[in-house]
Amino acid sequence: MNLHVPIREPLLDVRDLHTHFVTDTGTVKAVNGVSLQIEAGERVAIVGESGSGKSAMAMSLLRLLAHPGKVVAGEINLEGHDLNRMSERQLNDIRGAKIGTIFQDPMSSLDPVMRIADQMVPPIMRHLRLRRDAARAEAISWLDRVGIPDPSRRIDAYPFEMSGGMRQRVMIAMALSCRPRLVIADEPTTALDVTIQAQIVELLKELTAETGAAMIFITHDLGLVARFAHKVGVMYAGRLAEFGPVGDIFARPQHPYTQSLLDTIPPVDQQERRRLAQIPGFPPDMKRPVTGCAFKDRCPGAHRHCFEEAPELAARGNDHVAACWLPEGLGADRTVERPLVEPLAPTGIPGDDRVAVEINNLHKHFTGRSALPWRKPPTVRAVNGISMRIRRGETLGIVGESGCGKSTVARLLLGLDPATSGDIFIDGIAQMVFQDPASSFNPKMTLSSIIQEPLIVTGWGTRLEREDRVRELLGQVGLDESYMHRYPSQLSGGQRQRVAIARALALKPSVVVADEPTSALDVSVRAQIINLLMDLKQQLRVSFVFISHDLLTVSYVADMIAVMYLGEVVEYGSADEVFHTPAHPYTQALIAAMPIPDPAAEAARVQTPLSGELPSPLSLPPGCSFASRCPKATDYCRSHKMVLKPYSATRETACHYAN
Amino acid sequence: MLVYSLKRFAQLFTTVLGVVTLVFFTMRMIPGDPISAIAGDNLSGEALDRMRSQMGLDAPLFVQYLNYLGHLATFDFGNTVTTKLPIIGLILGALPVTVSIAVGTIVLTVLISIPLGTLAAFTAHKGHRMLDNAITGVAMVLDLMPSFWTSLVCLLIFSLTLGWFPASGTVSIDDPAHLLRRIALPVLVLSMAQVATLARITRTSVLEVLSEDYVRTARSMGWSELRVLFRHALKNAALPIVTVIGLSFGNLLNGTVIVEFIFTLPGIGNLLVGGMNSRDYQMVQTLIVFYALIFVAINFATDLIYRVFDPRVQF
């Protein structure tokens, strides 16, 4: 009788992987000893902030690193064969065939001058040893499975003839077309809108379940992890800090870094609007040797042992490992120190209901040039009849997918573009905080002169008075006075955004327009900026217009939310109401598409992503602009224009069937 | 495409008109005129004036200009001042020599610089700077040598010392072998000046493409680096390369004037020099119209070639 139980060999077994980037200024140890196992069919998410080595780790598996990246040590065993010992030629039989890769940016990941067929068919011919026509048929069937309409015709299209969402579908079809055992997806949805992201994530789930392929999913979005992964690996400073089943990681995170990361996410439940957790300090310089735990300088629980010896991954439960000397990390009572954030009462500041901004029937149309002089030129109605009021001290959140006109509204508010028609009334002045602080500063100017610029332009005060004002502003945004004489390049992303906020506040504006102010930042830094904005709102009673595609953040920051679709506001009301009981089908779809960082809640949600994509803004449908994607649309909707109508005391919605 | 062709035609018309006008007036600003160039000091002032009025050179400048435009519109390019031969015949006879030199130069330049530039980019991308630095350095040295100087050096070495190529003698389009031997040195000299620019732009644009995401995608599907280089990188890098080849034709037409003069080749460059020396207004103006036409034609061809390499280019 044979009682010997065969040990199941994992599909992928990575052991002590080290990847270095040798540069002139030193060696960056991007991956510094990572070991992990992945079973067949498993979806493993790797999370971490930029610079944590998560992408370098994924690209190391197939040696797809750009120069000067190099795998210097470690084993990468795929079905028992060590990829790290293979020659380039041998590895080329693994790439695409055994391991498929999906990259982040669908706009740049497909060859722009080659037809889809010419990119998809040759690898199938080579890896599956098919003839050209059979390979082409195979490619078409994959395009069909990823939801490309009319695939036998579209296979001869060029990438530029497709939208970003469609291109990412093609990318997925290509990565899966040779039936790989493992799929590596490096931030596959980061460049996409939230509704398209939901479609792509569902598609990846379905297809990997069907083919039984395992998946490594690199992301910084903890919500997506909860929706998608079986297991999670948290990376910090080139090493795994924690690894385990998704439910376990979210329910009882063991590493202080994981715990802090989870606490930086705005809570879904508005009753628990705690201040977001902040992770102090910066990640370690990867060029320098680290003694002890890499996280020790930022860890509130660090003790002497942490400075002396680096902790190894140790068991913390079933399949759950963490690299920390503390038995439970920071423990369960880590939220107690963070006070609740008072939301603005729906009536505004007591005794002050002055209006800071009033917008009446605002339009902005961009007119192109027609090919022939007698033809009507193409016109995009970027903003198509918007009316809103923002009270003093109120934060208005504007959400919507790219192309909905939210950034155009910002530019109109600031007078950067003239409106086509309609009025904007601002009591005081408006100032702007841009998405990418790095590119909105003159790199040759000191921070002092950057912040002073609006003061100089308006002839405010003397030089000494202005410098005093700069000190005051730096203090308000939480930067030390010594920063005055630094240059933008000497700052981190979060610090730059603080300076951008200081500059926006210099003239004591009545309204600050922030266009995606946190999108370019890592989650821990994002939390700091959000906290800062909340503090400033309380202290200065300044109104904010917070424009973002990130609904969760907007619902946390804003008092009122306006949901935009194709240049129109389709729902407008108090943040709580809009977020928790959305009335317009588009708002409902947006919220359904938004990943919630809670695996249990995610599992309970019904996943029916909004189908279709934005119609061309050049030819808007005559009726309700959302009708082409709306599950509830009828002929009435397709022929009648919808306008905002009162839905409740504090909410308006533009849907015929909502009321 | 129809709209595009119409636009192109309008562009051709305005370009030629502009060039013709400019040349007409600048030629007349240069001291001396064809009559004094022919006559020298032999004729009296009265006789000169008579000849001028015969040729219509005493009319007001503007009337001369309108007259000239009228002739141009009926494709009447006139005769040379000295030999009274039809100008158009002379140009058509000289054109094949110049075209051979120009095309030969472009072909040689492309054959040398694209592989060199690609090789430099490929090695640079892989982090091996040695070969890249060597290629870039040689290209720079070649770029810095003026054509008239390299011409003389080549003549000295290959024609006078080694005797491989004839330095002068007749040229006929009917004897291609001889033509080839005669134009070999001029083509080499002109290529040396062009190779540097083209190799450098090839290197830059291939290097840029090699770090594009879609190159990594192709690698992730199991293609070797060389296949990716030839199938993906070169095609994507082609646009700036084609642009530079188109632009280099301009430099090349300049260059042909010099090398035709030094190597005594009967091309249109030599006609131009002769025409300038004898202040032959008609000859110079007609040649400039030809040059303008060649330029516009090359621009047009460049645009069409864009479409071959990049489907995103629409007309």
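**Chain B, then chain A**

Analyst: In chain B, take the contacts between residues at least 6 apart in sequence: 73% of them join residues at least 24 apart. Keep in mind that this is a predicted model.

User: Okay. How many helices and strands are in chain B?
Analyst: Chain B has 12 helices and 0 strands. Read from the N terminus, its elements go α-α-α-α-α-α-α-α-α-α-α-α.

User: What box do its C-alpha atoms fill?
Analyst: Roughly 85 × 55 × 35 Å for chain B, along the principal axes.

User: And how many of its 315 residues count as buried?
Analyst: For chain B, 32% of the 315 residues do.

User: Let's pick one helix. What about α6 of chain B?
Analyst: Helix α6 of chain B covers residues 129-144, which is 16 residues. From first C-alpha to last, α6(B) reaches 22 Å. That is close to the 22 Å expected at 1.5 Å a residue.

User: Which residues in α6(B) are buried?
Analyst: D132(B), I135(B) and A139(B) are buried. They sit on the same side of α6(B), because they cover an arc of only 70 degrees around the axis.

User: Why would residues a few places apart point the same way?
Analyst: An α-helix has 3.6 residues a turn, so residues three or four places apart point the same way.

User: Which residues are exposed on the other side of α6(B)?
Analyst: There you find R129(B), M130(B), A134(B), G137(B), M140(B), V141(B) and L144(B).

User: What covers the buried residues of α6(B)?
Analyst: The cover includes two helices of chain B, α5 (87-125) and α8 (176-210).

User: Switching to chain A. What is the order of the open sheet of 8 strands?
Analyst: In chain A the order is β17-β18-β19-β15-β20-β21-β23-β22, and the pairing is mixed. At the edges stand β17 (430-433) and β22 (645-648) of chain A. Each has a single partner strand, so one side of each is left without a neighbour in the sheet. On average, neighbouring strands of this sheet are turned by 25 degrees against each other, direction ignored.

User: In which sense do β18 and β19 of chain A pair?
Analyst: Parallel, over 5 bridges. Strand β18 of chain A is residues 511-515, and β19 of chain A is residues 543-548. V512(A) stands opposite F544(A) in β19(A).

User: Which strands does helix α15 of chain A lie across?
Analyst: Helix α15 (residues 493-505) lies across β17 and β18 of chain A. Its direction is at about 170 degrees to β17(A).
User: And α19 of chain A?
Analyst: Helix α19 (residues 585-593) lies across β15 (395-399), β20 (560-565) and β21 (568-574) of chain A. It runs at about 100 degrees to β20(A).

User: What about the open sheet of 4 strands?
Analyst: That one is also in chain A, with the order β2-β1-β4-β5 and antiparallel pairing. Its edge strands, β2 (26-38) and β5 (81-82) of chain A, each pair on one side only.

User: How many bridges join β4 and β5 of chain A?
Analyst: They pair over 2 bridges, in the antiparallel sense. In β5(A), H81(A) is the bridge partner of L78(A). Helix α1 (residues 54-61) of chain A packs on the sheet and touches β1 (12-23), β2 and β4 of chain A.

User: Last topic. How many residues does each chain give to the contact?
Analyst: Chain A gives 27 residues and chain B gives 23 residues. On the side of chain A that touches chain B, helix α3 (residues 116-127) of chain A gives the most, with 3 residues. That side of chain A divides into 15 nonpolar, 7 polar and 5 charged residues.

Technical notes:
Residues numbered from 1 in each chain as written. Chains lettered and ligands numbered in written order. Predicted model: local features only at pLDDT ≥ 70, side-chain atom pairs only at ≥ 80, totals over all residues. Contact = placed C-beta atoms within 7 Å. Nonpolar A, V, L, I, M, F, W, Y, C, P; charged D, E, K, R; others polar. Expected span 1.5 Å × (residues − 1). Buried ≥ 20, exposed ≤ 12 C-beta atoms within 10 Å, placed from the backbone. Arc of directions from axis to C-beta. Pairing = 2+ DSSP bridges. Axes fitted to C-alpha atoms, helices over the stretch in contact; angles between N-to-C directions.
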